Amino acid sequence: MGKIELKGVEKAFGTVRVIQGVNLVVEDGSFVVFVGPSGCGKSTLLRLIAGLEDASGGAIRIDDVDVIDQAPAKRGLSMVFQSYALYPHMSVRNNIGFGLRMAGVPTDERNRKVDEAAALLNLTPYLDRRPSALSGGQRQRVAIGRAIVRQPKAFLFDEPLSNLDAALRVSMRLEIARLQSSLGTTAIYVTHDQVEAMTMADKIVVLNGGRIEQVGSPLELYNHPDNLFVAGFLGSPKMNQISGVLAEQYRAATIGIRPEHIAVTRGGDGWPGTVQVSEHLGSDTFLYIDVPGAGLMTVRAPGELGVAAGDAVHVGPDLNRLHRFDANGLAIR
Amino acid sequence: MARKTSKATLALWTVVGWAAGFVIFFPILWMFLTGFKTELEAYSTPPTFLFFQWTTENYVAILEQRNYVKYALNSIILAGGSTLLALVIAIPAAWGMAFSPTKRTKDVLLWMLSTKMMPAVGVLVPMYLIFIWLGLLDTHIGLIAVLCLSNLPIVIWMLFTYFKEIPKDILEAARMDGATTWKEIVFVLTPMAVPGIASTVLLNVILSWNEAFWTLNLTTIDAAPLTQFIASFSAPQGNFWAKLSAASTLAIAPIVVLGWFGQRQLVRGLTFGAVK
């Protein structure tokens with residue numbers, strides 16, 4: 001079991017309120033990702049749940065028990081750190097088994113559990129090595145091994161893949177997601193990488209300035225962002241946001257169109273514009289088109305598009321996928 | 001761009017370096033040589049350098065007159081004991097200041113260091129009286145306590161500097177793994193800080209070994225370390241330079257050997273973590 005509830009959680013450092021009244025329910029067995037720009041409070045929120053920071057107010061309940069005054073170890077959670085935070089003076093075996101040792105688990109049982117975890121993570125050949133003799137990916141797997149061996153109520157991941165190179169990040173992402181679903185353990189995962197958020201999460205929590213902007217499944221957030229911040233934060237390239245006369249035609253203060261929801265034609269329907277830059281990625285073509293009245297718009301066209309800088313084109317947004325926002329930046333539905 | 005040094009400049013600086021090193025080393029060399037002279041030769045003007053009648057009579061004489069082993073044992077007890085006690089107090093103190101600092105931590109550190117700014121003789125009378133009242137004069141416990149206290153600020157400072165280098169994440173990981181504060185210190189912090197602790201221990205042993213003010217004033221026989229052994233050869237009827245030198249050579253020999261083997265740790269310790 002591992003249901004985590006936050007009620008009005010507050011955290012202030014001096015007079016700075018870094019977490020402002022956060023309410024959230026993390027269902028047992030779900031994979032929840034906290035995402036947001038740096039300084040949004042996502043790591044602090046995770047550390048509050050872990051017990052590494054003391055909350056200034058509110059309640060944190062794990063399986064209906066208030067843990068706000070409990071030490072980190074008492075909460076039954078385990079954490080994977082960005083820096084891996086392995087014990088450099090201990091072998092991989094002792095790193096993974098440290099939590100069990102602290103809990104007074106007998107040596108035989110401890111070794112059996114460590115062996116199981118190591119087998120699951122392909123670490124068996126490395127059990128007698130020190131962390132310094134491992135690669136980045138292996139270190140991260142040791143950190144994950146340390147987290148799973150204690151069979152915690154929930155895993156807390158604090159940007160665990162940020163120190164890995166791009167290729168390894170993708171494979172570790174898959175590995176973590178697969179591991180979590182096979183173990184069925186609740187996971188909270190902090191990242192600033194929206195691709196990680198979109199691909200791994202059952203539920204994404206978008207944070208900004210210490211507040212939750214929106215909570216929902218990845219596609220809910222992508223298709224129905226509650227506000228301009230969420231609309232702009234998720235999706236790459238960024239959603240085009242247009243205000244002014246063009247927006248007023250659609251009875252909105254601002255309209256948003258994702259780059260992939262725009263058709264570019266020569267002399268077809270839509271707004272006339274001039275291509276400024278075209279980027280050819282092979283699988284996609286990114287166009288930056290200057291549209292009078294809308295500014296510079298980003299368009300993502302699948303495949304190869306025979307358009308070059310300076311070409312006159314027409315930009316046709318898919319009206320069914322147009323997002324409308326009022327003057328406060330909130331979605332009009 | 002690497003700076004280029006001509007061979008002549010390099011040779012010049014090498015000579016200057018060796019010369020400076022020799023000047024610094026000279027008193028120790030002189031002491032060593034004097035220990036092998038006769039008392040008469042030790043006084044001679046102009047002094048003889050290497051070409052004199054080498055003799056071991058001083059060593060024979062002082063070992064007959066005094067129980068060197070007893071003094072040396074006391075030195076080991078005092079230096080070892082005060083170092084151990086200092087560590088037991090300083091590790092938790094440095095841990096607290098390094099990982100849970102408050103607004104006043106810097107002030108506390110400075111205050112501790114400031115206790116080293118007063119000359120020891122300034123508190124000799126109160127200390128002496130306290131030692132009389134508590135019956136600590138010429139006892140191991142009393143001297144261990146005094147030596148520990150006088151070195152504690154430096155020990156805490158050094159450990160604090162080392163602990164600051166240890167990533168906080170690792171201690172937090174231990175906390176998540178269920179380690180209590182004590183287990184965190186014993187199983188994670190201390191083993192990780194072993195190089196730093198080793199150099200702190202070495203420096204503290206050397207400082208305590210050579211400490212002469214308190215050991216000379218607060219001991220007579222039972223707890224008297226090698227500093228007393230040396231001083232006893234400066235007698236009212238005159239200084240016996242050759243015997244004094246021989247005694248000094250014997251007194252510093254163990255610590256020189258220790259320092260020689262611990263050079264690397266010492267350099268690291270004295271540069272306060274600047275060399276990584």
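This is a predicted model: local features need pLDDT of at least 70, side-chain atom pairs count only at pLDDT 80 or more; totals for chains, interfaces and linings use all residues.
Figure 1. Most residues other than glycine have a negative phi, and most peptide bonds are trans.

**Figure 2. B:Asp138, a partly exposed residue with a positive phi.** The loop between α6 (124–133) and α7 (140–165) of chain B holds B:Asp138, whose phi is positive, near 60°, although the residue is not a glycine. What is the surrounding of B:Asp138, counted in C-beta neighbours inside 10 Å? There are 15 such neighbours, and B:Asp138 therefore counts as partly exposed.

**Figure 3. The cis peptide bond between A:Ser236 and A:Pro237.** The peptide bond that joins A:Ser236 and A:Pro237 is cis, with omega at about -5°. A:Pro237 has its place in the loop that leads from α8 (228–233) to β11 (240–243) of chain A.

**Figure 4. Helix α3 of chain A and its two sides.** Helix α3, residues 107–120 of chain A, has 14 residues, and the distance from its first C-alpha to its last is 20 Å, close to the 20 Å expected at 1.5 Å a residue. Its buried residues are A:Arg110, A:Val114, A:Ala117 and A:Ala118. They lie on the same side of α3(A), because they cover an arc of only 100° around the axis. An α-helix has 3.6 residues a turn, so residues three or four places apart point the same way. On the other side of α3(A), the residues A:Asp108, A:Glu109, A:Arg112 and A:Ala119 are exposed. The cover over the buried residues of α3(A) includes α2 (92–102) and α4 (136–148) of chain A. After α3(A) comes A:Asn122, which has a positive phi, near 55°.

**Figure 5. Strand β3 of chain A, covered on both faces.** Strand β3, residues 31–35 of chain A, is mostly covered, with five of its five residues buried. A:Phe31, A:Val33 and A:Val35 are buried on one side of β3(A), while A:Val32 and A:Phe34 are buried on the other. Which strands pair with β3(A) in the parallel sense? One of them is β8(A), residues 186–191, which runs parallel to β3(A) and is joined to it by five bridges; within this pairing, A:Val32 stands opposite A:Ile188. Another is β9(A), residues 203–208, which pairs with β3(A) in the parallel sense over four bridges, and here the bridge partner of A:Phe34 is A:Val205.

**Figure 6. An open sheet of five antiparallel strands in chain A.** The strands of this open sheet follow the order β13-β17-β14-β15-β16 in chain A, and their pairing is antiparallel. At the edges stand β13 (262–265) and β16 (295–302), and because each has a single partner strand, one side of each is left without a neighbour in the sheet. From one strand to the next, the twist averages 40°. Within the sheet, strand β14 (residues 271–280) and strand β17 (residues 312–317) of chain A run antiparallel and are joined by four bridges, and A:Gly273 has A:Val313 in β17(A) as its bridge partner.

Figure 7. Chain B has 14 helices and two strands, and buried residues make up 34% of its 276 residues. Along its principal axes, the C-alpha trace of chain B spans about 70 × 65 × 30 Å. The chain is divided into domain 1 (10–55) and domain 2 (67–270), whose centres, taken over C-alpha atoms, are separated by 31 Å. Nine residues from domain 1 of chain B and seven residues from domain 2 of chain B take part in the contact. On the side of domain 1 that touches domain 2, α1 (7–34) and α2 (39–43) of chain B each supply at least two residues.

**Figure 8. The contact between chain B and chain A.** Here 14 residues from chain B meet 16 residues from chain A. On the side of chain B that touches chain A, the elements that give two or more residues are α8 (168–176) and α9 (181–192) of chain B. The largest share of that side comes from α8(B), which gives six residues.

Key:
Residues are numbered from 1 along each chain as its sequence is written. Chains are lettered from A and ligands numbered from 1 in the order in which they are written. Two strands pair if DSSP finds at least two bridges between them. Axes are lines fitted to C-alpha atoms, for helices over the stretch in contact, and angles run from 0 to 180 degrees between N-to-C directions. The expected span of a helix is 1.5 Å times one less than its number of residues. A residue is buried if 20 or more other C-beta atoms lie within 10 Å of its own, exposed if 12 or fewer, and partly exposed in between; C-beta atoms are placed from the backbone. The arc is that of the directions from the helix axis to the C-beta atoms. Two residues are in contact if their C-beta atoms, placed from the backbone, lie within 7 Å. Domain bounds come from an automatic or database domain assignment.
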